[in-house]
Amino acid sequence: MTKRIKIKKPKIPKIPKIKLAHKKIQNDVPGTLTYTGSKEQKHVTVDLIDYSPSIHKNVTVDDVSQAFNKKHPEEISWININGLSDIDQIERLGEHYKLHPLILEDIVDTSQRPKIDEYPDYLFVVFKMLYYNDEGVFMNEHISLVLGENYLITFQEADGDVFDSLRQRIANAKGRVRNAGADYLMFAIMDAVVDHYFTLIETMSDRIEALEDILFSNTAEQDITQDIQELKREVLRLRKAVFPFREVVNRLEKIDSQLIDERTITYIRDLYDHVTQVTDSIDIYREMTWGLMDMYMTTISNKMNEVMKVLTIMASIFIPLTFMAGIYGMNFDHIPELHLRYGYYYLWAAMIAVFLGLLYYFKRKKWL
Amino acid sequence: MTKRIKIKKPKIPKIPKIKLAHKKIQNDVPGTLTYTGSKEQKHVTVDLIDYSPSIHKNVTVDDVSQAFNKKHPEEISWININGLSDIDQIERLGEHYKLHPLILEDIVDTSQRPKIDEYPDYLFVVFKMLYYNDEGVFMNEHISLVLGENYLITFQEADGDVFDSLRQRIANAKGRVRNAGADYLMFAIMDAVVDHYFTLIETMSDRIEALEDILFSNTAEQDITQDIQELKREVLRLRKAVFPFREVVNRLEKIDSQLIDERTITYIRDLYDHVTQVTDSIDIYREMTWGLMDMYMTTISNKMNEVMKVLTIMASIFIPLTFMAGIYGMNFDHIPELHLRYGYYYLWAAMIAVFLGLLYYFKRKKWL
Amino acid sequence: MTKRIKIKKPKIPKIPKIKLAHKKIQNDVPGTLTYTGSKEQKHVTVDLIDYSPSIHKNVTVDDVSQAFNKKHPEEISWININGLSDIDQIERLGEHYKLHPLILEDIVDTSQRPKIDEYPDYLFVVFKMLYYNDEGVFMNEHISLVLGENYLITFQEADGDVFDSLRQRIANAKGRVRNAGADYLMFAIMDAVVDHYFTLIETMSDRIEALEDILFSNTAEQDITQDIQELKREVLRLRKAVFPFREVVNRLEKIDSQLIDERTITYIRDLYDHVTQVTDSIDIYREMTWGLMDMYMTTISNKMNEVMKVLTIMASIFIPLTFMAGIYGMNFDHIPELHLRYGYYYLWAAMIAVFLGLLYYFKRKKWL
Amino acid sequence: MTKRIKIKKPKIPKIPKIKLAHKKIQNDVPGTLTYTGSKEQKHVTVDLIDYSPSIHKNVTVDDVSQAFNKKHPEEISWININGLSDIDQIERLGEHYKLHPLILEDIVDTSQRPKIDEYPDYLFVVFKMLYYNDEGVFMNEHISLVLGENYLITFQEADGDVFDSLRQRIANAKGRVRNAGADYLMFAIMDAVVDHYFTLIETMSDRIEALEDILFSNTAEQDITQDIQELKREVLRLRKAVFPFREVVNRLEKIDSQLIDERTITYIRDLYDHVTQVTDSIDIYREMTWGLMDMYMTTISNKMNEVMKVLTIMASIFIPLTFMAGIYGMNFDHIPELHLRYGYYYLWAAMIAVFLGLLYYFKRKKWL
Amino acid sequence: MTKRIKIKKPKIPKIPKIKLAHKKIQNDVPGTLTYTGSKEQKHVTVDLIDYSPSIHKNVTVDDVSQAFNKKHPEEISWININGLSDIDQIERLGEHYKLHPLILEDIVDTSQRPKIDEYPDYLFVVFKMLYYNDEGVFMNEHISLVLGENYLITFQEADGDVFDSLRQRIANAKGRVRNAGADYLMFAIMDAVVDHYFTLIETMSDRIEALEDILFSNTAEQDITQDIQELKREVLRLRKAVFPFREVVNRLEKIDSQLIDERTITYIRDLYDHVTQVTDSIDIYREMTWGLMDMYMTTISNKMNEVMKVLTIMASIFIPLTFMAGIYGMNFDHIPELHLRYGYYYLWAAMIAVFLGLLYYFKRKKWL
C-alpha cells in the first residue's frame, strides 16, 4: 500500500463530549433574558464602525450607550457586541433600537436555531458559526444580527476573528462594501460564515479519509467505533446548523423589504448557491460516515476469517497426526507394526503424506 | 480510558412496559364519553383562577358548576380540570360552554393525537405532556384546552405541577401574563410544555451517552439490546407526541381568529421555532439511537475476535508440540532418536524453537 | 427476569400464506364483472333497512329487486349486499341506481385499493376491513359503498358482524344516527372500520412485544426469523390498506357535494384524526418490526460469543496440560525427571499452577 | 414443515444478465433516427385496422404507405407497426402524419423512459411492456403510440401478442371499443399493459416466497445471494418502468385536449387507480426483497452457531478426557495410581463422571 | 458457473483519491476572481466560430479581444475559452459583454454547483462534465456558458474533445444547428454532456457487475471493501453533478426569456427526459452499490461458515479417536484389554465404527 499523509488536524480529545445545545431555562417567563451559553466573558466589548464611501471611523468601547450618539444620516453604523453575558447592556440596546423582547431573548439564548424574523423596522437573523477550537473541540458560536435602516448590530458570544477580514476590507475600502448599504454588510458577514462552513466540510472529508485509511490498512488494530460515532455526531450537528441557515438565506432572497437593495439580492442568490453546495456535501459525508460502520464491520469479519483459518489449518493438520502417533503409543501386547524393522520410518512417510495431502487441500481451497 | 460521570437518571424498571396509547372503545357511538386513560382519580378537582391586570382570585372547588357564576366581563377566567374520570362534570361543563360532543369525546380519549380544531366560538387544542414519573417510567399526560372569549379551560388527567409556575406568575403578576388575554395564557401553557420537552431530550441525550460509554468501555459485559430497544421506543413515542404538536403550533400561527391577538402571534411564532428545535433534536437522537445497535454489533464482533485469537494462539502453539511429544511416546522397536544420549534435550530445543517461531508469527500478525 | 404474560392471541398457522391481493383478470374488457375474491358464498343475501327518526324497518331478502320498491321520500334506505359472487344481482342493482360500469367492476374486484370516486348523483367509496379470522389467519374484506340521495348501498364479500352494532344502534335509535342522513350512516360505517383498525394495531403491538420477550430471554432457542417476516408482511398489508383509506377520508372532508351535510363534515374531520393516529402507529410498528431483525442478529452473535468462550476456555486450559502429560509419556532413554522420587507430584503441582494461572487470566478477562 | 408448492416459473438462466437500458448513441445529432434495441427484425410488418360501429377492416401489409389511403372520416384507424429497425418506413410515416423529428427519435430509442408529450395535433405516449420471455429472461418491450384525430399509431419492437385480445375485441365488437373513439382504443391498450404488470408482480411475489421457503427450511445449503440480487435488480427495473408510467396516466387524466373524450377520462381515472395499486405493490416487494438479505444473514449466523456448538461440545468433552488418559500414559517411576488393583476402572469411573457432568452442563445451557 | 466476460475498463489506480471539490477561497471579497481548479494551463486558447446558414468561420486565437470585432448581425458567434487560469482575459471578456462580477467569479470557481442565473441580457449556466481520464481517474470538468443575443460563450478548464463533434456538425452544416440560433447551440452542448453521462452510468453498471461477479465466484479472496467504497464515492459525485443539472434543464424549459426560441423548448423538454433517465439510473445504481456491501458481508460469513465446518469435522472426528488411543497408551498394571489376542484389532474396529458414525452424522447434517 502506498503511503498517504494522514490529515488528522482536529484530533479531538476524548474527555469533553459536547452535547447538542438545548435550551436550559425552564418554566421561565417568555421574554426573560438569560444567557444560556458557557462562554462567560468578564468584559463585554462593543466595536463601533461608522463608514460611508468617504468616511471610516472605528472605536472599541465598553458601554453600548456610546453607540447611540447622533451620526451623519449617510453613514452606515456597524455595532458589534462581543459577549452576551452582560444582560443589562443588551437591554439598553434593545430599548434604544426598540427591539422586541423576544428578539433580545433569542440573542442571548445560544440554543436558538438559525432563523429570520421580519419586523416592520428591522430584520432579525440568527445563525451559527461552527469551528474547532485550539484543543480541537468542535465549538458552536451563536451569532445574531439586526439589520435596520443604515445600521447593523451583530452579537457574538466571545471575541472572535470571524469578522476581522471584513473589518479590514472596510478600513481599506476594498471591494464593494464601503459603497454599499448595511444590507451588503450583512451579506458579507453571512458570506464569511459560509466560507467557514466550507473549511469545516473540508476537515470532515479529511477525517473520513483518515478513518478509511485505517480501515483499508489491514494491520490496524484500534477500535475506531468511537471515532466514527464522534464523526457522526459532528456531521449531525453541522447539519442542524446549516440546513435551517439555508432556509434563512432562501427567505432573505425572496423577502420583500425596503431594507434590502435590489443589487444585494443578486449576491444573496449567489450565497444561496454556496450554502446549497455545503448542504449537498454534508449529505454526502453523512452517507459516507454511516457507510464507515459497515466497512468496519466487514473489516472485523475479514480479520476473524483470517484468525479462523490459521486455527483450522493448524488443528486440521496436527490433530490427525497426533492421532497417528497416539495409535503407536498404545501398549497392546500385539501390535504387529511396532515390530517392523522400518515401522517407524513407514509411519513418518504416512504422516508426511497426510501432511502434504492436507496442505494441498488447503492450498486448493485458497486458504494458504 | 478517562472516567466520565455516567448519568443514568431515568433508570427505567423493566417490568411495566408502556404501550403506545390506543383508542380502546370499539364500535361505540361516536360522541360517547369514556375515559380511556389509566389514571383513575377518585376526586376530580377544579381550579378557578380569575384575573385582570388589577384583580386576582384563585379557588379550588369540587364541582365545575361553581365556575359558571357571573364574573366581571374584563376578567380572564382560567378553569383547570384535574382528572377526567368524572364524565358527568365534563358533560355539564360542555353544556354550559356549548362544546361540540366530539370535543368532549376527545377530552377524555387519552389516545387522541395532538390537534387543533377551530369552532366559531372557541378553539380546541389537544397535546401531550411527556415525563418520567418518580419510578422512572415514561408517562403520557393527555392535555386539552378550550380557548374562548375571555376564558380558557384546561383538562389534565391528574393533578400535576406543570402549571404551578404559571399560576405563581399570575399570582405575582410576573411577566406579561396578567396584562394579556386568554390567548396569551394559552401560549404560556404551551410554552411550559415545550420547555418540558427540552428537558426530555436532554435526558435522552444523557441516556444515549451512557449507553455509548458502556459500548466504548471494553470490559462491559451486559446485554444492552433491551436498553437500546427501550430507548428507541421512547424516542418514537416522543416523536409521535411532538411532531403533530408542531403542526398545531404552526396552524395556530397562521390562524385567522379573533380569539388570538396580533401580539400573541409573535410569541406563537417564537414557540414554533422552539418546537422545531425539539423536532430537529429528536431526529438527531433517533439516528444516534438507531446507530447504537450497529455499534453494539461491532462491539460483539470485536470481542469474538479477541476470544478467537486466544483460542487460536493456544491451540496453534500446543497442538504441534503435543504431536512432537506424541511421536516419542510411540512404542516402535526401532526409534533411533530415543536412544540418543541427549535426545530428550534435543527435542526440548526443537520444541522451544517451534514455540518461539509461532510466537514470532503471531507477533508479526499483531495478534499478541 | 420478571415474568410477563405473553399475549399471542393471533397465533398464525404457518400453512396458508396469504398473498397481497392482485387483480387476476387479464386482458379483459374493462367493465366486465368478475368476482376476484375467494369467498364464494352460495347465497347472496340483502339486508334492507329503512329508517327515519320515527320509523324503522329491517328485512333480509334474497333478491336485490325487492329493494327497488317505492318508499317514503323522508326515509333513509340502507341496502347491504352480503356476498359478491352473484354478478347478476349486482348488475340489476347497478341498472336501477344508474351506477357506472366501472363502479360495478370495482365492487367485485377485491384487489381494488381504497379510493373515492365522485359522480354527479352519488359518491363511490372502496376500503378494506382487515381482521384475523378464527384460525388466526390475517384476512382481507373488500368493502365498497355507494352514497346517494337518501340511500346508502354497502357491499361486503361475506356475512360479517362488522355492521351489527350499527344495525342495533339504528334499531334502538341510539346516538345521532336515526336523526341524521345517509351521509352520517356512511360516516358511522367508516368509523366502525377505523375502530377495528385500532384493535389490529393493538394486536401487532402485542406480537412485537411477544417477539421482543423471546429475544430478551436468553434461553430461547427457536428461530423467529419466520415470525418476524410474517409480522413485516402484515404490517405492510395493513399499511397498504390504511394509508389510501386516509386519503379517502381526507378527500371526503374537503369534498364539495350536496350529498354530505355540513354537520357530518365535523365528524369526518374527527375520523381523519383517528385514521392519522392509526397511520402514525403503523409507521412506529414498522420501525419496531424492522428493528427486531437487528436485535435478533445481535442475540445470535451474543450466543455465539458465549459458545466460543466455553470452547476457548476448555481448549486453552487442557491443551497445554495434555502437552505436559505427553512430555513424560515419551520413551527417551534419558529423561531425568522421570526418575525423580517426587517427579509425578512435582508435575501435578506444575499442572495445577498452569491451570490456576489460566483460570485467573480468563477471570481477569471477565470470560468467567 | 408442511410442504408448499414452490412456484418458480421464471427460472432465470444465469448467463444473459440484462442491463438497464441505456441510450447508446452518443454525440449524435438530436433528431437522428437510430434503433437502439437488440430485436433486429428482418421484416417490419404493419397491421391496419379500420373500424366504426358498423364497419371492421383488418389487413397486414409490408409497407406503411398503404396506411395513407383515403378512408371514411367516421372510421377509426389503428396502425400498428411491428419492428423498429426499418428507419425508412418510420420516417415516411412521420412525414405523412407531420410528426416532430424528436418523436421519431423517441420511437426508435428503446431507452426512452415512459412519458407523454402534447403536440397541437396529437399526443405522443411512450411506455414499457415488461415480460419474461420463453427462456425466463426478463425482457423489456419499448412501446410508443401517437393519438391523433380519428387515428392511433402504435409502435412495438417485435411481433407480440399483447394486442391480440384487443384486436379480437374489435373484430367481435365486444365491449365499448367499437362504439368509442381512438382515445378509448389508446386507453384499452394501456389497460392491457397494466393488466400485464399485475401478472409480473404476482410472479415476483411467488419468487420472494420461494426464496423465503429456502431460507426457512434449515436444510438448504445453496448460496442465494445471487438470486436475491437478481430479484432486486428486477424489482428496480419494474419500478423504473411503472413509476413514470403512473405519471403519464396521471397527466392523461388531467389533460385538456379535444382528442380525449370526457367519458374516456372516467376510464383513465380507473386506470390510474390500477397503476397506483401496482406501484404500491412494487414498493412492498422492494421492502420484502431487501429484507431477504437480512434474513439470509441471520440464517448463516444461525448455522454457524450450530456448527460451533458441535465443535465446542466435542472438544470440551474429549479434550479433558484425553488429558486424563495422558496422565496415566506417563512413564514416571513412581505413579502410585498405576499400581492400584482397580486403578484402570477407577479412572473409567472418573472419566464417565466428567463426561456426564459436561453433558449435563451443555444440556442446561440448552446446547443439546 | 458459466464464465462471463469481466468488464473492468476504468481500473482506478488507488493512489490519487479525488476529493469532492470544495471552494477553497476563504474570507475573500465576493466577486474576486481566483481559479480554484488544478488544471493550470499555460496557454489559454480561444476558439471563435461564427456561422449563419450560409457562412462558417472558425479561428483559434490567443487573445480574447479578437472576439470583440464587429460581425454581421445575422451571424451566430460561439466563443469557446479553453483554460480558466488567465484571469485577465476573462475579466476583459466580462467587461466587453457586461457580465456581472459574480458570474465571472462562478466561471473560475470550479467548485460551483450546476445552476442557471437569469440576467436581463443573458443567461448564465454552470454544469459539470464528468469523465475517466486516461489513467482511469474520475475527473471533474467545470463548464460554464453565457447565452446572449446571437452569441454563446463557453468556458472549459482545459482543452477537451467534448465539443469536437459539435464543431464538425457546424462545419459540415449537419443537422439543425446551422439554421437555428445560439439557443439551439446551447442545447446541443448540453445534449452532448447528457450523452456523456449515459456512458458514465454504463461504466458504473459494468463495474457493479464486475464486483458482483467477484462476490458470486466463491474462490475470490481479495478485499473489495475499498472498491465498493470508491464506487459509492463516484456514484455520489455523479449524483451531486447530475441532480442540480436536471433542475437547470427544468428551469430552462419553463423560462420566459426572449433568448430562447419556442422551437428550442421542444428540444429542451426532450433533454429533460434524458437527464431524468440518467437520474433514475443513478438512483438504481446507488441502491445496487449500497447492496454490494451487504452481499460482501454474507459472502464473508459464508466463507467463515465453510472454514468452521472443516475445523469442526476434523476436530470432532479425530479428538475422540485420539482419546481412544490415549486410553490404551496408559501404563496401569491391570488393563485387561491390552492382553487380548486381537485387542488391537478390536480397537481399530471400534475406531472405524466411531469414524463412520461421525461421518454419517455430518453427512446427515449436510456439512459434507
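Some housekeeping before moving on. This is a predicted model, where local features need pLDDT of at least 70 and side-chain atom pairs count only at pLDDT 80 or more, while totals for chains, interfaces and linings use all residues. Residues are numbered from 1 along each chain as its sequence is written, chains are lettered from A and ligands numbered from 1 in the order in which they are written, and side-chain values use heavy atoms, with hydrogens and water left out.

**Stop 1: chain A on its own**

Stay on chain A and colour by accessibility. Of its 368 residues, 63% are buried (buried is under 20% relative accessible area, exposed is over 50%, partly exposed is in between, with a 1.4 Å probe and protein chains only). Among contacts in chain A with a separation of 6 or more, 70% come from residues 24 or more positions apart.

**Stop 2: two lysines with positive phi**

Next, pick Lys98(A). You'll find Lys98(A) in the loop between helix H1 (87-97) and helix H2 (101-108) of chain A. Check the backbone: phi of Lys98(A) is near 55 degrees, a positive value in a residue other than glycine. Most residues other than glycine have a negative phi. Is Lys98(A) buried or exposed? Its relative accessibility is 67%, so Lys98(A) counts as exposed.

Jump to chain C and select Lys366(C), in the segment after helix H7 (343-364) of that chain. Here too phi is positive, near 65 degrees for Lys366(C). With a relative accessible area of 45%, Lys366(C) is partly exposed.

**Stop 3: where chain A meets chain B**

Show chains A and B together. Here 71 residues of chain A are in contact with 75 residues of chain B. The buried area is about 6600 Å², with carbon and sulfur atoms giving 60% of it; buried area is the accessible area (1.4 Å probe) that two parts lose on being put together, summed over both.

Now look for charge pairs. The interface of chain A and chain B has six salt bridges, each a side-chain nitrogen of Lys or Arg within 4 Å of a carboxyl oxygen of Asp or Glu. One to zoom in on is Arg233(A) with Glu212(B), where the closest N and O atoms are 2.7 Å apart.

**Stop 4: where chain B meets chain C**

The contact takes 72 residues from chain B and 75 residues from chain C. About 6600 Å² is buried between chain B and chain C, 61% of it from carbon and sulfur atoms. The salt bridges across this interface number six. Select Arg286(B) and Glu287(C) to see a salt bridge whose closest N and O atoms are 2.1 Å apart.

On the side of chain B that touches chain C, H6(B) gives the most, with 21 residues. That side of chain B has 35 nonpolar, 15 polar and 22 charged residues.

**Stop 5: a hairpin and a threonine in chain E**

Move to chain E and select residues 115-118 and 123-132. These are strands S4 and S5 of chain E, paired in the antiparallel sense over four bridges (two strands pair if DSSP finds at least two bridges between them). A hairpin of four residues joins S4(E) to S5(E). Click Asp117(E), and look for its bridge partner Phe124(E) in S5(E).

Thr276(E) has a relative accessible area of 5%, so it is buried. Leaving out residues up to four places away in sequence, Thr276(E) touches Arg113(D) and Arg246(E).

Methods. Contact means heavy atoms within 4.5 Å. Ala, Val, Leu, Ile, Met, Phe, Trp, Tyr, Cys and Pro count as nonpolar, Asp, Glu, Lys and Arg as charged, and the others, Gly among them, as polar.
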